[in-house]
There are 2 protein chains.
Amino acid sequence: MTNATDPSAALVAANEAFYDAFDMGDYQAMAAVWAADHPVACVHPGSETIMGRDAVLRSWHDILSASSRPAIQCLEPKPMLFQQVGLVVCIEALAGGRLAASNLFVMESGHWRMVHHQAGPLNTVVPLSGPRQN
Amino acid sequence: MTNATDPSAALVAANEAFYDAFDMGDYQAMAAVWAADHPVACVHPGSETIMGRDAVLRSWHDILSASSRPAIQCLEPKPMLFQQVGLVVCIEALAGGRLAASNLFVMESGHWRMVHHQAGPLNTVVPLSGPRQN
């Protein structure tokens, strides 16, 4: 899947590296996935947005060192390129359900590095009813 | 909030235009928010990812013409700039709950236009338990 001459393939490979780091519980690999020279943010499922590399990596350290860390399989990665920025939308398959994920990357020194991750549940009833204010 | 000389302010203004289009139920304004010359995708809360401008706009047409469209207030927009790409993470406050949203924009002819939107519930129990596969 890695192909230095194909930015789209390299983007999908960077996305895979993110899930590999999670799967291995490898904090150093996870830290290497995330951008160092750009602003970063992360929305874990059901949680408030975390801003900044230090806070984002701290959240991953906690997740990767937890005993209850789930197995996640990344399915159907779809890369989208915008010059030096790349987005991968994919499905995260877990034992307990499926999440939709958006993973955003920027080029740093010739490598795609993550600047944003949001994952949220699929097939979930979200409360959308209620009176309009106007 | 609009300030042509400040890309970050213009980005937040573009994000506001997205929520204004939703609030007004204005499909033409929503169509103008979305990029025309770049790939686009959208993850509505609890739903599969929708790919491509035609399918994304069709989903918004359905949402904007529905009788049960909720009132949504965008709170705490946080702009992040990556050259010609901008990300706004924010809270969507609804009568029934709160969502975390990631809104991605690219520059097209000097204007920020949306290429990706993902919203998912906050403070929701997401099933993360289950046996690991390795």
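Two strands are taken to pair if DSSP finds at least two bridges between them. On this basis, the hairpin of E3(B) and E4(B) has 2 residues between the strands, and within this hairpin Gln83(B) takes a positive phi near 55°.

For the complex, the predictor gives an ipTM of 0.87 and a pTM of 0.88. Chain A has a mean pLDDT of 88, with 87% of its residues reaching 70 or more. The exception to be noted in chain A is the stretch of residues 125-134, over which pLDDT stays under 50. Where pLDDT is low, the predicted coordinates should not be read in detail.

Chain A contains 3 helices and 6 strands. From the N terminus on, these elements of chain A follow the order α-α-β-β-α-β-β-β-β. Of the 134 residues in chain A, 40% count as buried. Among the contacts of chain A with a separation of 6 or more, 42% are accounted for by residues 24 or more positions apart.

The strands of chain A form an open sheet of 6 strands in the order E2-E1-E6-E5-E4-E3, and the pairing is mixed. At its edges lie strand E2 (50-51) and strand E3 (72-82) of chain A, each of which pairs on one side only. Strand E1 (residues 41-43) and strand E6 (residues 111-121) of chain A run parallel and are joined by 3 bridges. Within this pairing, Ala41(A) has His116(A) in E6(A) as its bridge partner. Helix H1 (residues 7-24) of chain A lies across E3, strand E4 (85-94), strand E5 (97-108) and E6 of chain A, and runs at about 150° to E3(A).

In chain B, 6 strands form an open sheet with mixed pairing, in the order E2-E1-E6-E5-E4-E3. The edge positions in chain B are held by strand E2 (50-51) and strand E3 (72-82), each pairing on one side only. Strand E1 (residues 41-43) of chain B pairs with E2(B) in the antiparallel sense over 2 bridges. Here Ala41(B) stands opposite Met51(B) in E2(B). Strands E3(B) and E4(B) also run antiparallel and are joined by 9 bridges. In this pair, Gln73(B) is placed opposite Ala93(B) in E4(B). In general, strands of a sheet pair through backbone hydrogen bonds, either parallel or antiparallel.

Helix H1 (residues 7-24) of chain B lies across E3, strand E4 (85-94), strand E5 (97-108) and strand E6 (111-121) of chain B, at about 150° to E3(B). The length of this helix can be checked against expectation: at 1.5 Å a residue, the 18 residues of H1(B) should span 26 Å, and the end C-alpha atoms are 25 Å apart, which agrees. The buried residues of H1(B) are Ala10(B), Leu11(B), Val12(B), Ala14(B), Asn15(B), Phe18(B), Ala21(B) and Phe22(B). These buried residues pack against helix H2 (27-33) of chain B as well as against E3, E4, E5 and E6 of chain B. H1(B) is followed by Gly25(B), whose phi is positive, near 65°.

Positive phi values also occur at residues of chain B that are not glycines. Gln83(B), in the loop between E3 and E4 of chain B, has a positive phi of about 55° although it is not a glycine. With 15 other C-beta atoms within 10 Å, Gln83(B) is partly exposed. Ser109(B), found in the loop between E5 and E6 of chain B, has a positive phi of about 50°, and is likewise not a glycine. Ser109(B) counts as exposed because it has 7 C-beta neighbours inside 10 Å, where the cut-off for an exposed residue is 12 or fewer.

The loop between E3 and E4 of chain B also holds Gln84(B). Gln84(B) counts as partly exposed, with 15 C-beta neighbours inside 10 Å. Leaving aside its neighbours within four places in sequence, Gln84(B) is in contact with Val106(B) and Met107(B), and with Gln83(A) of chain A. The C-alpha atoms of Gln84(B) and Val106(B) are separated by 5.8 Å, although the two residues are 22 residues apart along the chain.

Conventions
Residues are numbered from 1 along each chain as its sequence is written. Chains are lettered from A and ligands numbered from 1 in the order in which they are written. This is a predicted model: local features need pLDDT of at least 70, side-chain atom pairs count only at pLDDT 80 or more; totals for chains, interfaces and linings use all residues. Helices (H or I, at least four residues) and strands (E, at least two) are DSSP runs, numbered from the N terminus. Two residues are in contact if their C-beta atoms, placed from the backbone, lie within 7 Å. Axes are lines fitted to C-alpha atoms, for helices over the stretch in contact, and angles run from 0 to 180 degrees between N-to-C directions. The expected span of a helix is 1.5 Å times one less than its number of residues. A residue is buried if 20 or more other C-beta atoms lie within 10 Å of its own, exposed if 12 or fewer, and partly exposed in between; C-beta atoms are placed from the backbone. pLDDT is the predictor's confidence in each residue, from 0 to 100.
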